[in-house]
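Please open the model in your viewer and keep the selection tool at hand. The stops below are meant to be taken in order.

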Amino acid sequence: MEKNETKLNQSLFKKLGWASIGLCGLCCALPIIGAFAGISSLATIAFYLEKIGIVALALAGFLFVYSFYKKQQETKSCTTSCDVNCECKAENALKS
C-alpha cells in the first residue's frame, strides 16, 4: 500500500509542478502578449482614424471651394449694377 501512496503522491506532485511551470510561463508571457495586443489595437484605431481624417480633409477642401465660389458669385452679381446704381452697395452692407 505504501508504494501506491508514494506513486500517487509523486504523480500529484508532478502534475502540480507542471501546472506551476505552465502558470509561471503564462505569467511571464502576459506582458509580451499585452504589448502586442496594445500595439495592434493602436494600429487598428490609427488605420480607421486615417480614413476619417482623409474624408474630413476632402470635406474641408470642398467646403472651402464652395464658400469661395459662393462669395465670388455674390460679388459678380452686384458689380455691373453697382457701377450704374449704388443701391447694390447699400444692400451688400446690410447683408454683411
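What follows is a short tour, from the whole chain to single side chains.

This is a predicted model, in which local features need pLDDT of at least 70 and side-chain atom pairs count only at pLDDT 80 or more, while totals for chains, interfaces and linings use all residues. Residues are numbered from 1 along each chain as its sequence is written, and side-chain values use heavy atoms, with hydrogens and water left out.

**Whole chain**

Start with the protein chain in cartoon view: its secondary structure comes to 2 helices and 0 strands. Helices (H or I, at least four residues) and strands (E, at least two) are DSSP runs, numbered from the N terminus. Of the 96 residues, 3% are buried. Buried means under 20% relative accessible area, exposed over 50%, and partly exposed in between (1.4 Å probe, protein chains only).

**Leucines and an isoleucine**

Select Leu-23, Leu-26, Leu-30 and Ile-33, which make a nonpolar surface patch of about 390 Å². A patch is built from residues with over 30% relative accessible area and no salt bridge, joining like charges within 9 Å and nonpolar side chains (Val, Leu, Ile, Met, Phe, Trp, Tyr) within 5 Å. A salt bridge is a side-chain nitrogen of Lys or Arg within 4 Å of a carboxyl oxygen of Asp or Glu. Leu-23 is found in helix H1 and is exposed, at 58% relative accessibility.

**Two cysteines**

A disulfide needs a pair of cysteine sulfur atoms within 2.5 Å, and the count is 0 disulfides. Cys-24 is partly exposed at 45%, whereas Cys-28, at 53%, counts as exposed.

**Aromatic rings**

Finally, show the aromatic side chains: there are 3 aromatic pairs. Rings of Phe, Tyr and Trp (its six-membered ring) pair if their centres lie within 6.5 Å; planes under 30 degrees apart count as stacked, over 60 as edge-to-face and the rest as tilted. Select Phe-47 and Tyr-48: their ring centres are 5.3 Å apart and their planes at 70°, so the pair is edge-to-face. Phe-47 is partly exposed, at 43%. Then move to Phe-64 and Phe-68, whose centres are 6.4 Å apart with planes at 20°, so this pair is stacked. Both lie in helix H1 (residues 2-84), 4 residues apart, about one turn of the helix. Phe-64 is exposed, with a relative accessible area of 56%.

Note on methods
Accessible areas come from the Shrake-Rupley method with a 1.4 Å probe; for residues, only the protein chains shown count as cover.
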